[in-house]
Structures are given as C-alpha cells and as structure tokens.
Amino acid sequence: MDTFDSALMAARAQFAITISFHIVLAALTIGLANFLMVLEGLWLWRGQKIYLDVYLYWLKIFALNVAVGTASGLILEYEFGLNWSRLSTQAGDILGPLMFYEVLAAFFLEAGFLGIMLFGLKKVGPRLHFFSTCAVAIGSLISAFWILSANSWMQTPVGYSIGTDGRFMAEDWWAIIFNPSFPYRLAHMTLAAFLGTATLVAGISAWQLLRQPQNPRVRLQFSMALWMIVVLSPLQIVVGDLHGQHSLKVQPLKVAAIEGSWTRPADGAGEPLRLVAIPDMTERRNHWEVAIPRVGSLYLRHDLTGTIAALDEFPPEDMPPVPIVFFAFRFMVGLGLLMVGQGLTSLVLRWRKRLYTAPWMLRGCVLMAPGGFLAMLCGWVVTEVGRQPFTVYGLLRTADSLSSVSRQQVIGSTWTILVFYLLIFGIGLWVMLRILREPPRKGEAGPQPTLADETGQS
C-alpha cells in the first residue's frame, strides 16, 4: 500500500505540473483570440490603422502561444493513458466522446482558419480574414465548452448508469453535457481567461509606457486591457458567488474545507470569516485563527445567522487536503480584489487624465501582470484538490483511477516531461520577450513582413 500511495502521489504531482502549464497557455489562447477579434473588428469598423498595428503585434504573441500550448497539450493526452488508464476504462464511454467533440468541433475549426489568420490578410482580403479571426476565437470558446463539460461532469456526475463491470454508461447526453455545475464553471473559467489576458496585456503595456509614454498604440492596448478589468472583475465576483452557492449544495465538504470550518457554530452564531488560520488535519482544528464573526454567513447564506456543514460531519476518509484548499481560495480571492482595485484606480486616473502618466499605477500594473493567471491557477487548485479523494465525485476514487505503475516509472516520466517543458517553454519565453521588448509601431509587420502595407487600408 505504501508503494501504491507513493505512485499515486507522484502521478497526482505530475498531472498538477502538466495541467498548470497547459491551462495558462489555453486560457491565454482564449483571451488573445477574442482580443484580436475585437481589435480587427474595430479596425474594419472605424478604419483606423492603429487598431491593425496593435492586432498584428499581438498576433505574433498569439501564434507563439498556440505553438507552445499545442506541445503541452499533447503530453496530457498521453498522461491519461499512461497514469490514469483505470479512469479512462471506467469513465471512457462518457469522457471519450466529450473529448472527441472538443477535437472535432473546436480544434479543426481553430486549425483550419489559423493559417489564414496568421498569413492570409493580403491574400483573402480584410473581411474574409476577419471571418477567420472570428472562427479561431469562437473555436477557442468551443474548446473550453467541451473540456469544461467533461471536467464538470466529473464534479457533478449525472445522466449515467453503472454497468456490471463498474463502467459508467451514458444514458442522457443532454444531462451529461449540461450537468449541474457546468454553467457556473464555464462562466467562471471564461471570465478568468479574459481577466488573465487583460492583466497580462495591461502589465506589458505599462512596462512599455514607462519607456515610451507617448506611444499611441501602447496607450490603446493599455486602455483596452484596463476597460476589460473594470467590467469583468466585478462580474467575476458575482459569478464566483453563484458558483459558491451551487457548490454548497452539491459539494458541501469542499466548501467546509474552503472555510476551514471544523465544527458547526452554535445556532444563531453565524459563520465567521476566517481571514488567517493554519488548518491542522491531525488535530482537526485551526491554529492562529483570525476571524470576523458572522461575516462568513453573509456570503455563504446571505444572512448573519446561517451556518454550513462542518468538516467533522463527513467521513474522514473523504476529506480533501484542507490546508491546500483553504490557502488557495484566499490567494484567489485576494488577487481578485486586487484586480477590482486596479480597475477602480484606472477609472479615477482616467477622470483625472493621468492614466498613462502616473508611474506608480504603471509599476503596479507591471506587478499585476501575472495576477489574473495566478488567481486562475489558485481557483483550479480549489476545484481539483477540493474534490479529492475522488476523480468522479462521490463515485470513483483517485486511488482507483491509477494505472498499474510504480513510483519510479512516474518520477522518471515526470523528469522527462519537465525537461521537455523547460526546453519548449524556455525557447517560447525567450522569443516572446524578444518580441515584447519593442512596443507596437506604425506599420507593424505582424507574422508576415509588409502585411500591413499590402492591405490597402489606411
């Protein structure tokens, strides 16, 4: 059992490493594709070449990100077969078609129009090229749709039956695809991808403004990114609250871990907001707890006296790693509040006409550049670690999803993956920094030289 547990932890660690790399690249693909769609649409609508210059500049980053992201995604496909073959066997009749739909409906749509998007503007004309950009952007969202549907079904499984061999069999595909948690996860993750891209673009633009404060193209991309943060960061809080309310119904144990609630408060006392604590799973209590009475009830039950099921009301063997879930959630919320503050500050500076010239704001945006994606990763940790020890929640344990592999095999493949990732990501990061070193300029070439000059647009 010790050997099996070691292999299990090694496989889980490997998956955590690979998915963390890939999810950032996938989210950036979604965000940049839709950012590019808006930029090209504004160029066609307003006829101002500044939008095309910014479009062609970020198109180079998008192309690089797609190339690196595709390489990272291939590793995940093999990982399911190598480390998690029992999961594939038990739930493959449901998860397999969902993954196939993602490839069929999204990947082919993106790949089919990506070449036109990258190199076809002077060949097919601006309007057909814009159609290609829209197809790639929509394809990225369709990809997210199917991936999140599969993941959400594992969190809230419905529409299935279990055969005599223990395999999950599809009974109602409509219920499977649109399972109870899917709408919340789709909205929350899509907004996270947009916000992560917005904070990154704002941070890069702020760094470029510190060097070239009068560059109108940098000002444009900085302004657009901050408007995205202004609009979407409060909306993300609303969606997150709805998602939390639903999780309280379908995964109360996860919410108890998020709150670090070991025992239910007395009637009428309400749930406290635990700002800081060190959860101890051995003693089943919190150390160094700093809490505000009743505030937790406001966002959990929308009153001052409501309570939630506590950790001691669930079987110990079903309990997730509470400290990881507890701290990841607080990092996510903290970064989310910083994004709201970033957006509000930008509104004040716009009103004072100092948005592009306040050095403290620009430096703050540079520091917040990875903030959106870090918040997204923390949210992913809460989602995935919080459902442990299950892969299919309440039905299939993670230990029963593992292939017959040894710890040495998993560790060996992990080192191989890390070397591959460091090589691919190292080269990709080096190229990206070389591109971003110079801000967008008039007559930006994009992936293909003289592309802007040959469109006939001005």
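Me: Happy to start with the rings: which residues form one aromatic cluster?
Reply: F100, Y101, F145, W146, W174, F178 and F182 form one aromatic cluster. Bear in mind that this is a predicted model, where local features need pLDDT of at least 70, side-chain atom pairs count only at pLDDT 80 or more, and totals for chains, interfaces and linings use all residues. Residues are numbered from 1 along each chain as its sequence is written, and side-chain values use heavy atoms, leaving out hydrogens and water.

Me: What makes Y57 and W58 an aromatic pair, and why is the pair called edge-to-face?
Reply: Rings of Phe, Tyr and Trp (its six-membered ring) pair if their centres lie within 6.5 Å; planes under 30 degrees apart are stacked, over 60 edge-to-face and the rest tilted. Here the centres are 5.7 Å apart and the planes 85 degrees apart, so the pair is edge-to-face. Y57 and W58 are both buried (under 20% relative accessible area; exposed is over 50%, partly exposed in between, with a 1.4 Å probe and protein chains only).

Me: How do you know that F113 is partly exposed?
Reply: Its relative accessible area is 22%, so F113 falls in the partly exposed range. F131, at 48%, is partly exposed too. F113 and F131 also form an edge-to-face pair, with 5.6 Å centre to centre and 75 degrees between the planes. This pair links distant parts of the chain, F113 in helix 3 and F131 in helix 5, 18 residues apart. (Helices are DSSP runs of H or I with at least four residues, strands are E runs of at least two, and both are numbered from the N terminus.)

Me: Why is helix 5 called oblique to helix 7?
Reply: Their axes come within 9 Å and cross at roughly 135 degrees. Axes are lines fitted to C-alpha atoms, for helices over the stretch in contact, with angles from 0 to 180 degrees between N-to-C directions. Under 35 degrees is roughly parallel, over 145 roughly antiparallel, 65 to 115 roughly perpendicular and the rest oblique, so helix 5 is oblique to helix 7.

Me: What makes helix 8 and helix 11 oblique to each other?
Reply: The axes of helix 8 (residues 216-250) and helix 11 (residues 322-351) come within 8 Å and cross at roughly 135 degrees. Helix 8 and helix 11 are therefore oblique to each other.
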